Amino acid sequence: MDKSKILNLIINQLRADLSVLEQAVEIARDTATHADCLGSSKYETMGLEASYLAQGQGTRLLAVERSLVWFKSLECTEPTSTIALSSLVDLVDDTGDSQMLWLAAEAGGLKVRYAEMEITIVTTRSPLGRALIGKEAGDDLQINIAGNSRHYEIHSVY
């Protein structure tokens, strides 16, 4: 498992997301300030709605920028047996399904493809991310997500 290649994939995906978001913010901002969107009465709210969209896109843009900075600052070090930030974890659930997770401080939910597998980023703000901290390969964990109890075994840590 080459974590440096996976890290590059994550950084490239964040850069692509950033590029798309920059364009979306620009379009939403232009729409919000365009003369045709400024209503002539209080019932014509297209400009107001577009400004809310621009604000939401701007917030998302800042989150992706923050994620990109965080991942660019990472250095791939030798794996340890204990799960911590930037660990790559292979989890197996009770049905035998395996999933690869990268534990990070930012970009939760982002997915990248590496060697025919999908790697999902989870943050320590998620129940699963919190439960993984400090565990080792071979450990079991059980968490409740949306009222459902889920059981996992940590197959390996990179």
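This briefing covers the sheet, a helix packed on it, and the aromatic contacts. The model is predicted. Six strands make up an open sheet with mixed pairing. Across the whole structure, a search turns up two aromatic pairs.

**Sheet**
- The strand order is β3-β4-β2-β1-β6-β5.
- β3 (111-114) and β5 (140-145) are the edge strands, and each pairs on one side only.
- From one strand to the next, the twist averages 40°.
- β3 pairs with β4 (residues 117-123) in the antiparallel sense, over four bridges.
- Within this pairing, V112 stands opposite I119 in β4.

**Helix on the sheet**
- Helix α1 spans residues 3-33 and packs on the sheet.
- The helix touches β1 (88-93), β2 (98-104), β3 and β4.
- The direction of α1 makes about 135° with that of β3.

**Aromatic contacts**
- A pair of aromatic rings is described by the distance of the centres and the angle of the planes.
- A search of the whole structure finds two such pairs.
- The ring centres of W70 and F71 are 4.9 Å apart, and their planes meet at 85°, so this pair is edge-to-face. The cut-off for that class is over 60 degrees.
- W70 and F71 are both buried.
- One aromatic cluster is formed by W70, F71 and W102.

**Charge over a ring**
- K3 places its charged end over the ring of W102.
- The distance from that charged end to the ring centre is 5.2 Å.
- W102, the ring under K3, is also a member of the aromatic cluster with W70 and F71.

Terms used: Residues are numbered from 1 along each chain as its sequence is written. This is a predicted model: local features need pLDDT of at least 70, side-chain atom pairs count only at pLDDT 80 or more; totals for chains, interfaces and linings use all residues. Side-chain values use heavy atoms; hydrogens and water are left out. Rings of Phe, Tyr and Trp (its six-membered ring) pair if their centres lie within 6.5 Å; planes under 30 degrees apart count as stacked, over 60 as edge-to-face and the rest as tilted. Buried means under 20% relative accessible area, exposed over 50%, partly exposed in between (1.4 Å probe, protein chains only). A charge sits over a ring if NZ of Lys or CZ of Arg is within 6 Å of the ring centre and within 35 degrees of the ring normal. Two strands pair if DSSP finds at least two bridges between them. Helices (H or I, at least four residues) and strands (E, at least two) are DSSP runs, numbered from the N terminus. Axes are lines fitted to C-alpha atoms, for helices over the stretch in contact, and angles run from 0 to 180 degrees between N-to-C directions. Contact means heavy atoms within 4.5 Å.
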